[in-house]
Amino acid sequence: MERSRVVKLILNELDRLYPDATCSLYHKDIYQLTIATILSAQCTDEVVNKVTPKLFEKYPDFSALALSDIDDIEQIIKPTGFYKNKAKNIQQLATIITDSYNGALTLNIDILTKLPGIGRKTANVILSEYAQPHGIVVDTHVKRITNRLGLTEHTDPNKIERDLMKIILKDKWKLISHQLIQHGRKICNAKKPQCEKCTLNLYCKFYKTSEKVNPSRLR
């Protein structure tokens, strides 16, 4: 089957499975999303969502966070892991935004990625939710599933993103990340994927080469 046809079938199935997929990080504004996304590095969204309500209640915006006690931030975000570095980054970020940008993020990929704690993934999350997508968010779920489906052969997130941007139309860039993340959580687990339940397994390289696969399913 032609690659373009496979991509279309995969996207259609993801639309059927997750038509309303959205960001799973709780947030009310761009400030909250930015901080939550930084905290989500090497941490589950579930843990972040338990931590951020207290953080945002005490520090409701960048200016408040800039003036915060670093020790207090560390204690609040400690469950997210790497909390000392994360606390340092979000306080420095808040200070720069407050002092240099009048308390508001500039929605430009080049400016965003130069700020403390914001890499390309975080910048893509922000732009996808509050502006126009500049690229495709590649987290661990997106990385794993796109490799298993043969949509990329790379492991570097930036190279994966470039591969996906070539085969997926821009108007799908935001939704596809949310869909793949949901699929990774529900079906395509890293260690114990539910391949027999997966309706994408006909296109999946991982499934076809698995020792558990039933040859009759591939005929």
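**Around the cavities**

A: Helix H1 gives the most to the lining of the second largest cavity, contributing four residues. The model examined here is a predicted one. Rolling a probe the size of a water molecule over the atoms shows where empty space is left. In this structure the count comes to two cavities of 30 Å³ or more.

The second largest cavity has a volume of about 40 Å³. Its lining consists of Val7, Ile10, Leu11, Leu14, Thr146, Leu151, Leu164, Ile168, Ile176 and Leu180. Two elements give two or more residues to this lining: helix H1 (3-17) and helix H11 (173-186). By class, nine of the lining residues are nonpolar, one is polar and none is charged.

The largest cavity has a volume of about 100 Å³. Of the 14 residues that line the largest cavity, those closest to its centre are His183, Cys188, Cys195, Cys198 and Cys204. The lining of the largest cavity is made up of ten nonpolar, three polar and one charged residues.

The structure holds two aromatic pairs. In one of them, Tyr31 and Phe62 have ring centres 4.8 Å apart and planes at 75 degrees to each other; the pair is edge-to-face because this angle is over 60 degrees. Tyr31 belongs to helix H2 (residues 30-39) and Phe62 to helix H4 (residues 62-66), so the pair ties together parts that are 31 residues apart in sequence. Tyr31 and Phe62 are both buried. Ring pairs also bring in Phe56, which is linked with Tyr31 and Phe62 into a cluster.

Ser68 has its place in the loop between H4 and helix H5 (70-77). Ser68 is buried because its relative accessible area of 11% is under the 20% limit. A polar atom of the Ser68 side chain lies 2.6 Å from the backbone oxygen of Leu65.

Arg148 lies over the face of Phe206, at 4.2 Å from the ring centre.

Definitions and conventions
Residues are numbered from 1 along each chain as its sequence is written. This is a predicted model: local features need pLDDT of at least 70, side-chain atom pairs count only at pLDDT 80 or more; totals for chains, interfaces and linings use all residues. Side-chain values use heavy atoms; hydrogens and water are left out. Rings of Phe, Tyr and Trp (its six-membered ring) pair if their centres lie within 6.5 Å; planes under 30 degrees apart count as stacked, over 60 as edge-to-face and the rest as tilted. Buried means under 20% relative accessible area, exposed over 50%, partly exposed in between (1.4 Å probe, protein chains only). A charge sits over a ring if NZ of Lys or CZ of Arg is within 6 Å of the ring centre and within 35 degrees of the ring normal. On a 1 Å grid over the protein atoms alone, a cavity is a set of points where a 1.4 Å probe fits but cannot get out, and a pocket is an open set with protein on both sides within 12 Å along at least five of seven lines; lining residues have an atom within 4 Å of a point. Grid points are joined across faces, edges and corners, and a volume is the space filled by probe spheres set on the points. Ala, Val, Leu, Ile, Met, Phe, Trp, Tyr, Cys and Pro count as nonpolar, Asp, Glu, Lys and Arg as charged, and the others, Gly among them, as polar. A polar contact is a pair of N or O atoms within 3.5 Å; within protein, one must be able to donate a hydrogen and the other to accept it, and residues adjacent in sequence count only if both atoms are side-chain atoms.
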